[in-house]
Amino acid sequence: MDQSSIDALRSQAVPAFTHFIDGQHVAASDGASMDILSPINGQVLTSVARGTAADMHAAIAAARKAFDDQRWAGQAPAARKKILMKWADLIEANALELAVLGVRDNGTEIGMAFKAEPGSAANTIRYYAEALDKIYGEVAPTAKDVLGMIHKEPVGVVGAIIPWNFPMMIGAWKLGPALAMGNSVVLKPAETASLSLMRMVELAHEAGLPPGVLNAVTGEGAVVGEALGLSMDVDVLVFTGSGTTGRRLMEYSARSNLKRVYLELGGKSPNIIFADAPNLDEAAKVAAGGIFRNAGQVCVAGSRLLVEQSIHDEFVAAVASVAQSMNVGDPLNITTQIGAVNSDAQLQQNLGFVETAQGEGGQLITGGNRILEDTGGYYMAPTIITGVSQDATLSQKEVFGPVLGVTPFNDEQEAVRLANSTVYGLAGAAWTSNLSRAHRMVRSVRTGVMHINTYGGADGTVPLGGVGQSGNGHDKSLHAVDKYCNLKTAWIKL
Ligand code: ADP
C-alpha cells in the first residue's frame, strides 16, 4: 500500500451501482436511485439503486429458487470450497481498489480499512471455505436396535443486513459461514456504505458462484430492510447494527414466519485500568486506539474508561496526550490515524452526546468539537470527558463516535459493579499484573469478549457476540456455523 497508488485510485470516477439479483445488475423497479455522499468532503461520490419492496421480493425469489434447485448446496463440498477460495483470492488481488472505494464511501482511515476490510474479508471467506468439508454430522449413542443420526443441513435463504462501519469485514462474517454451509443469501448493505460490499458480491460471481445464490439489494433500511425482515420466504435473518433496528427485526419475524433472528447490537464496553497494570503508557496508548480509531465507529469500542482512583489524573493525562497527538483527517492519507465520521447525521449525534455529557456534570478534557469543516467532510476531534457518573447518558448510551467517558473506581468490587451497570455486554478489558484478578475479571464482567492487558485484535478463530442487549448469536469461529444450519434427526429402526 503506497500513497501514489491510493491517490491514483481516489481520482477515478465511481460508476453508479445497481442491485445484483440472480447474477445480473438490475436497476430499481421504479428506476429510482440515491446519491452517495463521501464523508471525506461531503460531495456526491456516485449513486446506488434506491430499492423497492418489489426489488427485495425479486431477490428473495431468486435466492429461494437457487436453493430449491440445489445449484449450490447440491455441489460437492470440494467444488464449493474451490469457488469460495477463488473468491478470497480475488478479494485479495483487488484489495487496494476495494479498500479505497470503501473509504471514499464510509470514511475509515485507509491503514485500518485495508487490513480490516478486504484483508479480513478474504481471511474470513477462506476460513469457512477450508472448514466446509470438515464439519461432520453425528451418530447418537442409542440402543442396539435403532440408529440415531444427526444431520447438519443448510437453513435455506439467509437475509443479511450489514452496517456501515466495516461493511466488507462484517459482511464476510455472515457470508462466509452462510455460503459455506450451502445456503442462498440476500444481502442488504447500509445506505452509507454499500459500494465495496457490492463490488465484493460481483467478485463472488467472477469466482464462479452460481447466479441467484448471493443477491444484494441497496436502498433504505426502512423499505428494503423491512421487506427482507417481513418476508415469508427468508429462513434466518442475521444483523449487525443498532438496538432500535434489532428490535424491529424481531417484530418483523413475529409478524411473519418466525424466522430465526441473530443480532449483534453494539455496546458500551468498559476498559478497566487498575493501578497495577503492567505498563500504564502502553495501556494509555491502547485505550486511545480502542476508542478513537475509525472515529469510534467500532461496535466493541472501549467507550467507558474505568480508572482506579489512585492513578486517575495521571492516566487521563496520558490518554489525553495520546488523543491530542493522533492525526485526524483525510482517511486516504496513509499517515491518518482517525478518519471521517460516516455521515453528517452521525457527527451531529456525536456532538449532541458531548453537550449532554457536559450538562450532566462531565468535564471536557480534550476535543468535543467538529474540525476541518472547510474540507466539507465530517471530522471530529477525539474527545475525553471525565467525571461521568454511572447513570449519566454517556455511561449508558452507545455514542458510536470518538467520545470517551471516564469514571474513577476505588477497588475491584466497584470496578465490576460499574462495568456491569449497563444493558449491554459486548466487550471489555481489564489491565492488571495480578493473574488471579485478571481471571476474576474475565469471570465477573458480563460480556461476550473480555480482553486482558490489551484491547481489540481478537482474530477469526474466536467467536464475537454479545450478552444482554448487545444481542445474541456469534460471528467468527466455527461457532458461527450453527446459525446457518438446521439439525435434523434421523431415527432408524434396525
Ligand atoms: P445505525 O443507526 O448505526 O445506522 P442501523 O441499525 O440503522 O444502524 O443500520 C444498520 C443496518 O440496518 C443498515 O443496513 C440499515 O439500512 C438497516 N436498517 C435500518 N432500518 C431498518 C429497518 N427498519 N428494517 C430493516 N433494516 C433496517
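In β18, T407 is the bridge partner of L306. The structure is a predicted model, with local features needing pLDDT of at least 70 and side-chain atom pairs counting only at pLDDT 80 or more, while totals for chains, interfaces and linings use all residues. Residues are numbered from 1 along each chain as its sequence is written, and side-chain values use heavy atoms, leaving out hydrogens and water.

Helices (H or I, at least four residues) and strands (E, at least two) are DSSP runs here, numbered from the N terminus, and two strands pair if DSSP finds at least two bridges between them. Strand β17 (residues 383-386) also pairs with β18 in the parallel sense, over 3 bridges, and I384 stands opposite L404 in β18. As for burial, 6 of the 7 residues of β18 are buried, so the strand is largely enclosed by the rest of the structure. Buried means under 20% relative accessible area, exposed over 50%, and partly exposed in between (1.4 Å probe, protein chains only).

Next comes β12. This strand pairs with strand β13 (residues 304-308) in the parallel sense over 4 bridges, with P270 opposite R304 in β13. The chain gets from β12 to β13 through α10, and this β-α-β crossover is right-handed; that is, with the strands pointing away from the viewer, the path from the first strand over the helix to the second runs clockwise. β12 pairs with strand β19 (residues 427-431) too, again in the parallel sense, over 3 bridges. There, N271 has A429 as its bridge partner. In a regular strand the side chains alternate between the two faces of the sheet. In β12, P270 and I272 point one way and N271 and I273 the other way, and all are buried.

What about the aromatic rings? Rings of Phe, Tyr and Trp (its six-membered ring) pair if their centres lie within 6.5 Å; planes under 30 degrees apart count as stacked, over 60 as edge-to-face and the rest as tilted. By this rule the count comes to 3 aromatic pairs. One of them is Y127 with Y128: the ring centres are 5.0 Å apart and the planes stand at 80°, so the pair is edge-to-face. Y127 has 24% relative accessibility and counts as partly exposed, whereas Y128, at 2%, counts as buried. Another pair joins F274 and F409, with centres 5.3 Å apart and planes at 75°, so this one is edge-to-face as well. F274 lies in the loop between β12 (270-273) and α10 (280-292) and F409 in strand β18 (residues 403-409), so the pair ties together parts that are 135 residues apart in sequence. Both F274 and F409 are buried. F274 also has R437 over its face, at 4.1 Å from the ring centre; a charge sits over a ring if NZ of Lys or CZ of Arg is within 6 Å of the ring centre and within 35 degrees of the ring normal.

On to the helices. Helix α11 (residues 312-325) has 14 residues and reaches 20 Å from its first C-alpha to its last, close to the 20 Å expected at 1.5 Å a residue; the expected span is 1.5 Å times one less than the number of residues. Its buried residues are H312, F315, V316, V319, A320, V322 and A323. They cover an arc of only 160° around the axis, which puts them on the same side of α11, the arc being that of the directions from the helix axis to the C-beta atoms. D313, E314, Q324 and S325 are exposed on the other side of α11. Helix α4 (residues 95-106) has 12 residues and reaches 16 Å, close to the 16 Å expected. Since 11 of the 12 residues of α4 are buried, this helix is largely enclosed by the rest of the structure. After α4 comes G107, whose phi is positive, near 90°.

Elsewhere, 3 strands form an open antiparallel sheet in the order β5-β6-β21. β5 (138-139) and β21 (485-493) stand at the edges, each with a single partner strand, so one side of each is left without a neighbour in the sheet. 2 bridges join β5 to strand β6 (residues 146-154) in the antiparallel sense, and V139 stands opposite M149 in β6.
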